[in-house]
Amino acid sequence: MYSDNTQRKLTKPVTLSTLKQMKADQEKISVLTAYDASFTNVMNAAGVEMILVGDSLGMVIQGRDSTLPVTIEDMCYHTAAVKRGNTNAFIFSDMPFMSYSKPEQALDNAAKLMQAGASMIKLEGGSWLADTVRLLSQRGIPVCGHLGLTPQSVHKFGGYKVQGKTQEAADLLLKESLELVDAGADMLLYECIPTELGKTLTEAVPVPTIGIGAGPHTDAQVLVVQDMIGLNLGHTPRFVKNFLTDGRNITEAFEAYVKEVKDMTFPGPEHGFKS
């Protein structure tokens, strides 16, 4: 997949089939958020396999205090910008708050993101999304489910809290994961769950898993790009590491991230959570 250059530039497009084969081969997958063409281009050069156009742009780009104000128009704008800067990475985009409350609404908005340049869309939620995931999958739209801490539900949770800490909560996450996969989900993202639960879920589901604050055992790791280069605003989450250190430039920081994800030195025990 990579050239022999010092920079791990992707030499051919990363597809869903590529990512599923990487899970089968137990090769870790690197994921970063991006919101514009320039950062996307550098990520391609550094060998980042997946780029998430996250609704985190509400906070790191727009300066808001949550993801809730982000609109589908915002997401389409930034997805199109990322697409223009991309060569070979796999792009997936968040469906923003209340843009998929009903299956038909989800289909219309997912189509907009796909037309803007996404190869997959991401939805936050569990079993209640099964019918929506099934509809999207049947219409040829790949879906990534987002479980654990779901930021669009932050007010329901009462803050950004670790999920799945009790056996009952862990069992529910497994149940909902399998229901989403059965409905057609091609990938699952877990946020802020105990490290051992991340391992259990990754071994239990047949699709690639992405972790953020979910330990080193998920098939892929994702960070918000501003966080991993030290430009985050306010509180720095436990699961974040600044890679723009030791005299590195941006490209070298991305390369270091890819390397540490691949060899499982990131995330370390200090970045994870216990039950």
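Visitor: Before we start, what should I know about the model and its numbering?
Guide: This is a predicted model, in which local features need pLDDT of at least 70 and side-chain atom pairs count only at pLDDT 80 or more, while totals for chains, interfaces and linings use all residues. Residues are numbered from 1 along each chain as its sequence is written, and side-chain values use heavy atoms, with hydrogens and water left out.

Visitor: How much space lies in the largest pocket?
Guide: The space in the largest pocket is about 770 Å³. On a 1 Å grid over the protein atoms alone, a pocket is an open set of points where a 1.4 Å probe fits, with protein on both sides within 12 Å along at least five of seven lines. The volume is the space filled by probe spheres set on the points, which are joined across faces, edges and corners.

Visitor: Which residues lie nearest its centre?
Guide: They are Met59, Glu191, Asp227, Pro237 and Phe239, out of 33 lining residues; a lining residue has an atom within 4 Å of a point. Helix H3 (57-60), strand S4 (120-124) and strand S6 (187-191) each give two or more residues to this lining. Helices (H or I, at least four residues) and strands (E, at least two) are DSSP runs, numbered from the N terminus.

Visitor: New topic: how many disulfides are there?
Guide: A search of the whole structure finds zero disulfides, a disulfide being a pair of cysteine sulfur atoms within 2.5 Å. For Cys76, the nearest cysteine sulfur is that of Cys144, 18 Å away.

Visitor: Is Cys76 buried or exposed?
Guide: Cys76 counts as buried because its relative accessibility is 16%. Buried means under 20% relative accessible area, exposed over 50% and partly exposed in between (1.4 Å probe, protein chains only).

Visitor: And where is Thr218?
Guide: Thr218 sits in the loop between strand S7 (209-212) and strand S8 (220-223). With 0% relative accessibility, Thr218 counts as buried.

Visitor: What does its side chain reach?
Guide: The side chain of Thr218 reaches the backbone nitrogen of Gly211 at 3.4 Å.

Visitor: Last one: what is Ile61 in contact with?
Guide: Leaving aside neighbours within four places in sequence, Ile61 is in contact (heavy atoms within 4.5 Å) with Tyr35, His78 and Gln226. Ile61 and Tyr35 are 26 residues apart in sequence, yet 8.2 Å apart in space, C-alpha to C-alpha. Ile61 lies in the loop between H3 and helix H4 (72-85).

How values were computed: Polar contact = N/O pair within 3.5 Å; in protein donor to acceptor, adjacent residues only side chain to side chain.
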